[in-house]
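Here is a set of questions and answers about one protein model. Keep the structure in view as you read.

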Amino acid sequence: MLGRLNHVALAVPDLAAASERYRTMLGATVSAPSALPEHGVTVAFVDLGNTKIELLEPLGDNSPIAAFLAKSPKGGMHHVCYEVSDIRAARDQILAAGGRVLGDGEPRIGAHGRPVLFVHPGDVFGTLTELEQA
Ligand code: CO
């Protein structure tokens, strides 16, 4: 069911500073920031060729990463994202195996314009896991 690693997402308190750190200290190519108010984040992507790192900064009052940064003010790994070919079939397989999907179980359009779901971190070893239909 699982395909490629699409991205690893890091929550960061200051996206401009994080982007600059990746560029100058790590020598990486980082995209321009992109505000996604409907997702409560501003994102920038570190291009690694085989995958990417998604840098997430909170945007607005109800950001889904605000609580994470309150607990980890310096930032940290927020989630991993794997590609699947059929998001509903993936959900059904997870539910049938006793796993939990966040929200109402219906895929939503994610930050890349594709359907996504999140699997409860308690069911995948403490790691919030996003599935994206590739
Ligand atoms: Co993601």
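A residue is called buried when its relative accessible area is under 20% and exposed when that area is over 50%; in between, it is partly exposed. The model is predicted.

Q: Why is strand 1 described as largely enclosed by the rest of the structure?
A: Strand 1 covers residues 5-11 and has seven residues. Strand 1 is largely enclosed because the buried ones among them number six of the seven.

Q: Which strand runs antiparallel to strand 1, and which pairs with strand 1 in the parallel sense?
A: Six bridges join strand 1 to residues 76-84, and these two strands run antiparallel. Five bridges join strand 1 to residues 52-58 in the parallel sense. The antiparallel partner is strand 6, and the parallel partner is strand 5.

Q: Which elements each supply at least two residues of the largest nonpolar core, and which gives the largest share?
A: This core has 13 residues, and Leu-10 and Leu-55 are among those with the most contacts inside it. Strand 1, helix 1 (15-24), strand 4 (41-47) and strand 5 each supply at least two residues of this core. The largest share, three residues, comes from helix 1.

Q: What does Val-46 touch, leaving out residues up to four places away in sequence?
A: Val-46 is one of the residues with the most contacts inside the largest nonpolar core. With those sequence neighbours left out, Val-46 touches Tyr-22, Ala-28, Thr-29, Val-30, Thr-51, Lys-52, Ile-53 and Leu-55.

Q: How many residues apart are His-7 and His-79?
A: His-7 is in strand 1 and His-79 is in strand 6. The pair links distant parts of the chain. Their side chains are joined by a polar contact of 3.4 Å.

Q: Is His-7 buried or exposed?
A: The cut-off for buried is under 20% relative accessible area. His-7 has 0% relative accessibility, so His-7 counts as buried.

Q: Which residues of helix 3 are buried, and where do they lie around the helix?
A: Helix 3 covers residues 87-96, and its buried residues are Ile-87, Ala-90, Arg-91 and Ile-94. They cover an arc of only 100 degrees around the axis, so they lie on the same side of helix 3. Residues three or four places apart in an α-helix point the same way, because each turn takes 3.6 residues. The buried residues of helix 3 pack against strand 6, strand 8 (115-119) and strand 9 (129-133).

Q: Which residue has a side-chain oxygen within 3.1 Å of the backbone nitrogen of Arg-88?
A: The contact sits at the start of helix 3. The side-chain oxygen there belongs to Asp-86.

Q: What is the relative accessible area of Pro-13?
A: Pro-13 lies in the loop between strand 1 and helix 1. Pro-13 and Leu-56 are 43 residues apart in sequence, yet their C-alpha atoms are 8.2 Å apart in space. Pro-13 counts as partly exposed because its relative accessible area is 48%.

Methods. Residues numbered from 1 in each chain as written. Predicted model: local features only at pLDDT ≥ 70, side-chain atom pairs only at ≥ 80, totals over all residues. Heavy atoms only, no water. Buried < 20%, exposed > 50% of the residue type's maximum accessible area, 1.4 Å probe, protein only. Helix = DSSP H or I, 4+ residues; strand = E, 2+ residues; numbered from the N terminus. Pairing = 2+ DSSP bridges. Arc of directions from axis to C-beta. Contact = heavy atoms within 4.5 Å. Polar contact = N/O pair within 3.5 Å; in protein donor to acceptor, adjacent residues only side chain to side chain. Core = buried A, V, L, I, M, F, W, Y, C linked by side-chain atoms within 4.5 Å.
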